[in-house]
Each structure stands twice: as C-alpha cells, then as structure tokens.
Amino acid sequence: IFDRLGIGERMLAKGVTWKVGRNFHGENQVYAFDLLPEPGHKYPAFINLQQPYFEKFIVDAIRQAQAEGAPIEIRGRNQVTGLTDHGDHVSLEVDTPDGPYTVEADWLIACDGAKSPVRSLLGLDFHGRVFEDNFLIADVKMDAGFPTERWFWFDPPFNRGQSALLHKQPDGVWRIDLQLGWDIDRDVEMREENVVPRLKAMLGEKARFSLEWVSIYTFQCRRMERFAHGRVLFAGDSAHQVSPFGARGANSGIQDVDNLVWKLKLVLDGTAPESLMESYNRERVQAADENILNSTRSTDFITPKSDISRIFRDAVLDLAEEHPFARPLVNSGRLSLPTSYAGSPLNGADALPGGPARARPGMPAIDAPLGNGWLLDMLGGEFTLLTLNTDLPHPPDGIRPALKGLRADTAEDGSGALRERYLGSTEQAVYLIRPDQHIAARWPVYDA
C-alpha cells in the first residue's frame, strides 16, 4: 500500500527487516518459523518501524503533493466539537486556538482514534471484550548480540508464570513486552527503579542499556457494529481495537483506508452509486472480525484464564518441541495478513478450473518477479484486466480497466512464480484486479 503511495522504499530503508520468529517455553526453544519461506516478492514479510517514522514519510508525501497543486490541507490543533449529518453532506464545528469555525463536506472519514470524538458525537460505541491483564512495554536502546528476529517466551525464568516478547526496531532500539498480570499498581510498576531490575533479569546484570520509553497497557478486542453511518465513515482505531499481538492495529487501519478511498472516489466522480460504500462496511467489518478472532485466540493462549486452560496450553508447548503437528496450535500472536474478502458482494466469477486457491476472488493479489520488475508495481492502483497466456481483449465502451498482458514461461516469468501463483494447473487466465489490488474475478478466457 505504501509503495503505491510512493514511500515504500523509504519505509524499507529505515525499517528493520525480519522473517524468523522463535517461541520459547521456559528456557527451551519450542520451535522457529519463517514468515516468508518462498522467494520472489519485492518486499519482505515484515519490517519493524516506529509509527513516527511512517507518519513523517506520509507528511512528506503530502507536502510534495501540495507543492504540485493537490488540494490537501493538514490543520493542526483543530478539534471537532460538533457534527451534523444532513443526509447529502455533513457539517462540522471545529475549535482552534484562534477561535471556532464551521466546515461542510460531502463525506467525513473519522480516523480520530480509539477515543473517537466523532463516534461520541454520534452516540455510538464499541462492542466486544476488555482483557484483564497488564503488559509493561519498554523501548530499550542497547548494543545487543540478539539476531534480528522475533522472540517470544512463555513462562520464562526471568518472568515466571507470565510471558515476554523481544524484537528489534531501527536506531538500535529493542522493543520488550513483559506480562505483569492484572492486580498491579501501574504507577509503581512504571517507575524506573522497578523497570530496570525486570529488564536486567531478562538481559543480564551486566547489560548496558538506556530507557527510551516505558508504558503499561491493557487492551481490548472490540469494534463498532457498523463502520458506515450515513455520510460518516469510520476507519482505524475509531472503528475497531485489537490487542498488539500480531501487529494488527495500525496495519488494519491502513488497510481500511486503502479499501475505502477508491470506492469513495468512484462515488464522488459520479461513476458508482452511493450504495458502493456499503461494501466498505461489509468488507472491513469482516476484516475486523478476523483480526479480533485472531487477537482473542492469541490472548487466550498467552494469558490462560483458568488452571485447566494453562494445563492444556503448557501441554501444547511441550508437544510442539518434538512433534510438528502441535506447532500450529502454539499461538504467540498470529501475525497480521491482508484479509481475504470471501463472500464480498464485489466478488465476481471464480471460473478458472485448476486456478490456485491463493488467487481466488477476494484474495489480495500476490506479487511475482517479472523480467523487468514486479507484478504489483505493474498493476498499480486502478482497475486492471490482467491476461496470462492469452491475447489482450478490447473491452466495450464504458468499461475501462487498464489492460496488462503477460506470458508465463517466458522471460517475463523466468522464476516460474507467475505460473505457480496465478495459473496453477491451467494454461491461461484472465484476472480482474481491484484498485486496492484484491482480486475481483477470474476466467479462463475473456468474456465481455
């Protein structure tokens, strides 16, 4: 998504790339996993990057767009204090240090966080679970010999009966999460004289480090019942909240907006009916439910709620050390993936016998190396009709997707990845790709 916005390379250059994770039970490694075992993708499975960096990259891109004449404004220190939905537009009351003003808009996208003032102004709320646990989160600056991997401990010797997480961020900063339990004094636990001994128990008495940031968090797995309310659309934390396990928070918010904006543009341009916005609600509620399900399962595994749950959890960990069948049951935070919009009303035909399951309608398009670049770069951010091993068609007037034709098993597909990921056991295919690079439909031949 960020690559389509022109800042993917900056994020990759600054971020810490990793793909190997290790799970430990006590002092023993249970098993390791590889997030991207296959080659042939432009970007890695994951980078770790602190939020202020990608916010700066976004702002830089906005400043560049402004310089080129784009009608974008960033208004700092503006607080929405009133909202009226008039049916065909909304009006906002805004307070600033220089005094209040009002503004009207055709649509309002509320990306105003977990405590969303816009949600409150409309009298709306979340539904879901609040988890009774606390986690100490510390950003620690140190020179450490740890590999650039994600390490997760169940019942480690330095935090008995609880869990811990370690992974690397840019600038020599390591993120450490330590489970504390429910009945704690948050102010006491956040004092440096109490944080440092916990970290030394983990890192060793001789470890040299400095604290960049410390906080204690609890978390919730909740969402709004609907994300679309008339001319007001909710995205990100204002619409849903999940636990931080699996990097689902900001990632899913970014995916919300990527799903939303191309649809809203079609409506604003008059080329799609306003009812298209209901598909945003349906698809991203589905995504939020998937994230909440994964997040809830992760939390229940990491923090068992009863003695028998802990016995079963520990038995799974013991089995996973020796038996591969048990490893998929270990859940230290299922890592974020794009949602497949199975059952979406926007999905068309799945009429490709022998087509790969990973390229069904609703699935995110998979990258593949081409002779002169990458498939996702070629698709861009518009409707695209992609033909493989068949001639480019001539779509009828009024239907104007971009037309892209490729030949598998030629220099364009030197690695064979294009064939494997999009053709499977068939010899030719036609794919319709959405502007958010999800697959809308597929056929063996073009049919107007």
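This is a predicted model: local features need pLDDT of at least 70, side-chain atom pairs count only at pLDDT 80 or more; totals for chains, interfaces and linings use all residues.
Where does P37 lie? P37 lies in the loop that joins β3, residues 28-34, to β4, residues 46-48, and with a relative accessibility of 65% it counts as exposed. If you look for R186, which is 149 residues away from P37 along the chain, you will find the C-alpha atoms of the two separated by 41 Å.

Let me go on to helix α2, which runs over residues 51-67. The residues of α2 that are buried are F54, F57, I62 and A65, and because they cover an arc of only 140° around the axis, they sit on the same side of the helix. That buried set packs against two other helices, namely α1, residues 8-14, and α6, residues 249-268. On the face of α2 turned away from the buried side we find the exposed residues P52 and A67. After the helix comes G69, and its phi is positive, near 100°.

At what angle do α6 and α7 pack? The angle is about 170°, with the axes 9 Å apart, where α7 covers residues 277-302; an angle over 145 degrees counts as roughly antiparallel, and the two helices are therefore roughly antiparallel to each other. From α6, the residues that take part are S252, Q255, D256, N259, L260, K263, L264 and V267, and they meet M277, S279, Y280, E283, R284 and N291 of α7. Sorted by class, this contact has 5 nonpolar, 5 polar and 4 charged residues.

Staying with α7 for a moment, I would point you to S298, which lies in that helix. Is S298 buried or exposed? Its relative accessibility is 0%, so S298 counts as buried. Setting aside the neighbours within four places in sequence, S298 is in contact with F245, N331, G333 and R334.

Next, two residues whose backbone angles deserve a look. D155 has a phi near 50°, which is a positive value in a residue other than glycine; D155 is placed in the loop between β10, residues 150-154, and β11, residues 163-169, and at 22% relative accessibility it counts as partly exposed. Q437 likewise is a residue other than glycine with a positive phi, here near 65°, and its place is in the loop between β21, residues 429-433, and β22. With a relative accessible area of 8%, Q437 is buried.

That brings us to P444, in the segment after β22, which itself covers residues 439-443. P444 counts as partly exposed, its relative accessibility being 29%. What does P444 touch, once residues up to four places away in sequence are not counted? Its contacts are A351, L352, Q428, A429 and V430. With L352 in particular, which is 92 residues away along the chain, the separation of the C-alpha atoms is 5.3 Å.

Terms used
Residues are numbered from 1 along each chain as its sequence is written. Side-chain values use heavy atoms; hydrogens and water are left out. Helices (H or I, at least four residues) and strands (E, at least two) are DSSP runs, numbered from the N terminus. The expected span of a helix is 1.5 Å times one less than its number of residues. Buried means under 20% relative accessible area, exposed over 50%, partly exposed in between (1.4 Å probe, protein chains only). The arc is that of the directions from the helix axis to the C-beta atoms. Contact means heavy atoms within 4.5 Å. Axes are lines fitted to C-alpha atoms, for helices over the stretch in contact, and angles run from 0 to 180 degrees between N-to-C directions. Angles under 35 degrees count as roughly parallel, over 145 as roughly antiparallel, 65 to 115 as roughly perpendicular and the rest as oblique. Ala, Val, Leu, Ile, Met, Phe, Trp, Tyr, Cys and Pro count as nonpolar, Asp, Glu, Lys and Arg as charged, and the others, Gly among them, as polar.
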